[in-house]
Amino acid sequence: MSDKLPIAKAINAGLRAALESDEKVLVMGEDVGPLGGVFRVTDGLQKDFGESRVMDTPLAESGIVGTAIGLAFRGYRPIVEIQFDGFVYPAYDQIVSQVAKLHFRSSGAVRMPIVIRIPYGGGIGAVEHHSESPEAQFVMTAGLKVLAPATANDAYWMIQQAVQTDDPVVFMEPKRRYWEAGEVDLDSEPMSPWQSLIRRDGSDATLITYGPMVTTCLEAAEAANEDGVDLEVIDLRTLSPLDLAPVHESVRRTGHAIVVHEASRTLGLGAEVAARVTEECFYSLESPVQRVTGYDTPYPPSRVEDDFLPGIDRILDAVDHARAY
Amino acid sequence: MTIPVSASVESAPGADLPLVQLLSPEGERLQHPEFHFDGDDAAIRSLYRDLVMSRRIDNEAFALQRHGELGLWPQALGQEAAQVGSARALRKQDYAFPTYREHGVAYCLGVDPALALFRGVSLGGWVPAEHGFALISIIIGAHTLHATGYALGLSLDGVVGTGDPDRDAAVIAYFGDGASSQGDVNEAFDFAAVNHAPVVFFCQNNQYAISVPVSRQMTVPVAQRAAGFGFRGVRVDGNDVLACQAVTAAALQQARDGGGPMLIEAVTYRMGAHTTSDDASRYRDADEVEEWKAKDPIARVEAYLRSNGTIDQFFTDIAAEAEQLGEDIRAACHALPEPDLAALFDQVYTEQTDELKEQQAAYVAWRSQYEGVES
Ligand SMILES: Cc1ncc(C[n+]2csc(CCOP(=O)(O)OP(=O)(O)O)c2C)c(N)n1
Ligand SMILES: [Mg+2]
């Protein structure tokens, strides 16, 4: 069976499946109950699973994640919603100093199967703190896994796979794509979430991206195609651990690597990808790895976000630059 | 397998506790053993004007959002008395730390409404020190610590408890019922208490944090929490501008005199949705909104003034002034300059770094390719 679902509804369906399949699974966060979350991702879940499994919490992110840790100690598998990217920082201490380290500190005796869902990224015309891309801060934190689905099918399956993971997973949801629909295969055994995937085959250069920028890169590839340039697009899917084998294989074929993300440039994911591609593909590279990213300013007022965020033009400029190198 | 809900969670905590009230919903003056409104009817007319103007600003901005001129607007409808009453207790040397909903406070302090922020052309919009009005905190609760720190600074500067009314200063921190759950807010209470900081914590309990009712946020009223930190908390009718003014004036005076912090819980109601993006029908009944309509903060002041000799002309004049203010706001909104991303690279640090200079140059060069080209 398959269904065409927007990403928000695909995650909702995935959460529903997770709640159904394991009674230890809980959903908790601000406004996740009767409101169904500000993006309606938890719509209807409290009605169907009750207030003890889908909990409206007090307005305190550190409290939410800290309490989830205690529930995990007790054998539960909490799925925590952080309302927006910019509101995760009150919970930063609990995530970085506690969630990420408990397994390590206990020599493996303690498991923290917590999923921290974060709608992230810009492009929605929001006020400040509602458009940020903090994923690298979690990727650089040892002990956390980080997933970033880009499609409805991945959203549906990866949220369930995240819940089944015995390590803590930060689950980055591409909020500007929430209402973009895609085919969801409700039956077939999904691929592992810990693998990256070639979304478009190409031979002239490799675009490496994830989350909301996958669609943008595919559009850029279509535009390039009209000019006779054939771009490969790789969706990383998992940001921690990174699965770069397909990237290396691709870059060895194309000779050019362009990393695209919304987050600022300095120490963004692009920096890590560039370093590894350089290590692994040095003799195949025909140009330095390019990065097309947000700038190193705080997220700007929304009226200029279109210039701040990587778009098709900037991506294609980087492709041209690489190919002309 | 279920989480028990404590008995008080079913109703708003403290619903049965007395409130300081100096003007009933019907417009009758009431006496309180401790708190008194000092002003005469002219002062009440002046507060009435502030209330009407505040509501007008809010309504105009709401309309601007509906016409696509603003990305978002958080309405303050129904909370005007709490905002005007408290703000009119401030002196020019005092300082306020607001949230995104304090449009009435901004108006009283001479700050233009936060249209630029909600239009997406600016992240600020005013110079805080010029008005004693900090930038809006969208991050819930963070600024209560800033208010406390500012208050510590006042103590360090020796402008507390000197007895000079033009010098002694205090701080007011605005926050919501939901915010009271944040660690930062509770840390602010503690820091203020142990340091005897001249700060007034002003909580507008408008019964909701987005969809979450106050009964799911706490089991004792916010005001009562102050006792646990070692200072006084007072509950006041947040729709009574006289009571809000009187209690805040007393709290600020205590702070300026060196008497330390105080917590005020202004019990009010968010008449609108959380913001223009919210759909309140998903979590609350229309009946509840109707009930609160009868406690409107402006109607009661008008009722009082009319039955005590204020003539029609006054109300007509205020209405005309509000109309003009609405027009001015519309015009000001349309006149807001568009931001320039290139200029923003200069604002990250006091001095531009080389890295940012390069990124700025790259951006400007990239953009110039498209200049004059319609996208
Ligand atoms: C740290 C943080 N978490 C979550 C949010 C999202 N959010 C914005 S307003 C709000 C509710 C605030 O409720 P309350 O403190 O009662 O103030 P009110 O909106 O009622 O004025 C929430 C959860 C935020 N802005 N900041
Ligand atoms: Mg509130």
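Across the interface of domain 1 and domain 2 of chain A, 3 salt bridges are found, a salt bridge being a side-chain nitrogen of Lys or Arg within 4 Å of a carboxyl oxygen of Asp or Glu. The model is predicted, so local features need pLDDT of at least 70 and side-chain atom pairs count only at pLDDT 80 or more, while totals for chains, interfaces and linings use all residues. Residues are numbered from 1 along each chain as its sequence is written, chains are lettered from A and ligands numbered from 1 in the order in which they are written, and side-chain values use heavy atoms, without hydrogens and water.

Domain 1 of chain A covers residues 2-185 and domain 2 covers 197-323, with bounds from an automatic or database domain assignment. The centres of these domains, taken over C-alpha atoms, lie 26 Å apart. In chain A, 26 residues of domain 1 are in contact with 23 residues of domain 2 (heavy atoms within 4.5 Å). The two domains of chain A bury about 1900 Å² between them, 53% of it on carbon and sulfur atoms; buried area is the accessible area (1.4 Å probe) lost when two parts are put together, summed over both. The side chains of A:D154 and A:R199 form a salt bridge with an N to O distance of 2.8 Å.

In chain B, the magnesium ion (ligand 2) is coordinated by B:D177 (OD), B:N206 (OD1) and B:Y208 (O), at 2.1 to 2.2 Å. Donors are N, O and S atoms within 2.8 Å of the metal (3.2 Å for Na, K and Ca); water is not among the atoms, so sites may look incomplete. Along the chain, the donors follow the spacing D-x28-N-x1-Y.
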